[in-house]
Amino acid sequence: MSSTTSAPLSKLVQAQLTSPSPIRQIMKMAERQNILAMGLDPTEVISFGGGWVNHPTPDAFRETYAEIVNDPGVFHTSGAYTATLGDMGCREQIARFEQVLFGTPRLGAEHIAIGLGSTQLTHDLFRTLVDPGDTVMLLDPTYANYEGQLAFVAPGVKIVRLPVMDPATWAYLPETDPAGVAETFLRLFDLHQPRLVLFGAPDNPTSQIVPQALADLMRERTAAAGAWLAIDCAYKCQYFDTPPAYYAWSPADHPHVVAIHSNSKWARGLGRRLGWIEAAPHVVDALERVQQCSILCPDTLSQMAMARYLARALDDGSLTRYLAWANDRYREAAQVTLAAIDEHIGRPRLTPAGGLYTVMDVGRDADQFVPEALKATGVLVVPGRGFGPSIANGVRISYGPLVMSPERITEGLQRLGRWMRA
């Protein structure tokens, strides 16, 4: 008889299966089957769990896809490979995108590596910059997926966290205690000697933008130590006030600074996978070797559409107008969210500087709070612990999926507030 026992999975994967991504866990909680199993009507559930945008893609962007698909010859070309780093024309237009929108100086195609979205690119960037056993500095709190990605690409990696939230006062420390945060950063950096420092701008889950002075300090200290500074710019186009000066930092001026970009958020292209890295040419060359073993090349159709759209929308100013319109929608959704929290819940929360989120203190372990709240109210939020220990008693509330229906934001937070105050 043949054995039905399968060979074991790798030890690394086995270890990671015991600590799944908190984001994936919350998305599983939101699945229809789980909602039904809890005795809830899926149509009545209001989810603040999704880290995705819901504003419409520019019509002109959609029309570029139609042009490509409706031309048999061009569509045939879209099925071919591009270079591993992406089509040169698309890389050039992305460099223009940064120059026109943010004034990034001396940025060229040689600084751009295109990939299949920021998640894949972050994974491959970690593989490019970090060795097993190295130390990486992250914020506390910050995006929950970084730790898992680092574990996969650099086993034994050590993570040190820079606290940016005070769980007692629910204050964002870089704004309320900038000198203290700077002192803590220098102490932790000198003690642990990280190979890489990484922060988001705006960050997920806080939607805060690291102040310019702290970013300058990070840039100067990493440069002096021969370390890397990476900025996750997935939400870069979604800011509510004047963008910080580091939005225009160029790898031509700061070769140890790397920026991670996504098409998912600003253009509502979450499923049309396209992102890019901005880095010094030698980093881009190294990423080419890594991507040859991970994706071979980015999606050709998405690059063709992106290059065509940017060439037109940057020239006629329509992209600038579109981004301003979209930012107004998210600013309004954020205001609705904060007003509803203050009126119906009355718990401490952060005021977003951009992005899709706020974090709110619920006063107890959010891992227990979230499933109880979902079952009692049909409202889903994300527990904070996966983003960092400082917000273990908090939840992330995303207004992104509900941006075009603000009345649902108010209804959901009313429901949550009635239950919490009962």
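Tutor: Before we start, the expected span of a helix is 1.5 Å times one less than its number of residues, and please keep in mind that this is a predicted model.

Student: What distance does helix 12 reach from its first C-alpha to its last?

Tutor: Helix 12 covers residues 281-292 and has 12 residues, for which 16 Å is expected at 1.5 Å a residue.

Student: Within what arc do the buried residues of helix 12 fall?

Tutor: Buried here means under 20% relative accessible area, and the residues of helix 12 that qualify are Val283, Val284, Leu287, Val290 and Gln291. Seen down the axis of helix 12, these buried residues line one face, because they fall within an arc of 115°.

Student: Which helices do the buried residues of helix 4 pack against?

Tutor: In helix 4, residues 59-70, the buried residues are Phe61, Thr64, Tyr65 and Ile68. They fall within an arc of 95° seen down the axis, so they line one face of the helix. The partners of these buried residues are helix 5 (72-77) and helix 13.

Student: How many residues of the contact of helix 6 with helix 13 are nonpolar, and how many are polar or charged?

Tutor: The axes of helix 6 (residues 88-102) and helix 13 (residues 300-316) come within 9 Å and cross at roughly 40°, in a left-handed crossing. Among the residues making the contact are Ile94 and Phe97 of helix 6, and Met306 and Leu310 of helix 13. The contact residues divide into 9 nonpolar, 3 polar and 2 charged.

Conventions
Residues are numbered from 1 along each chain as its sequence is written. This is a predicted model: local features need pLDDT of at least 70, side-chain atom pairs count only at pLDDT 80 or more; totals for chains, interfaces and linings use all residues. Side-chain values use heavy atoms; hydrogens and water are left out. Axes are lines fitted to C-alpha atoms, for helices over the stretch in contact, and angles run from 0 to 180 degrees between N-to-C directions. Helices (H or I, at least four residues) and strands (E, at least two) are DSSP runs, numbered from the N terminus. A crossing is left-handed if the near helix is turned anticlockwise from the far one by less than a right angle, and right-handed if clockwise. Contact means heavy atoms within 4.5 Å. Ala, Val, Leu, Ile, Met, Phe, Trp, Tyr, Cys and Pro count as nonpolar, Asp, Glu, Lys and Arg as charged, and the others, Gly among them, as polar. Buried means under 20% relative accessible area, exposed over 50%, partly exposed in between (1.4 Å probe, protein chains only). The arc is that of the directions from the helix axis to the C-beta atoms.
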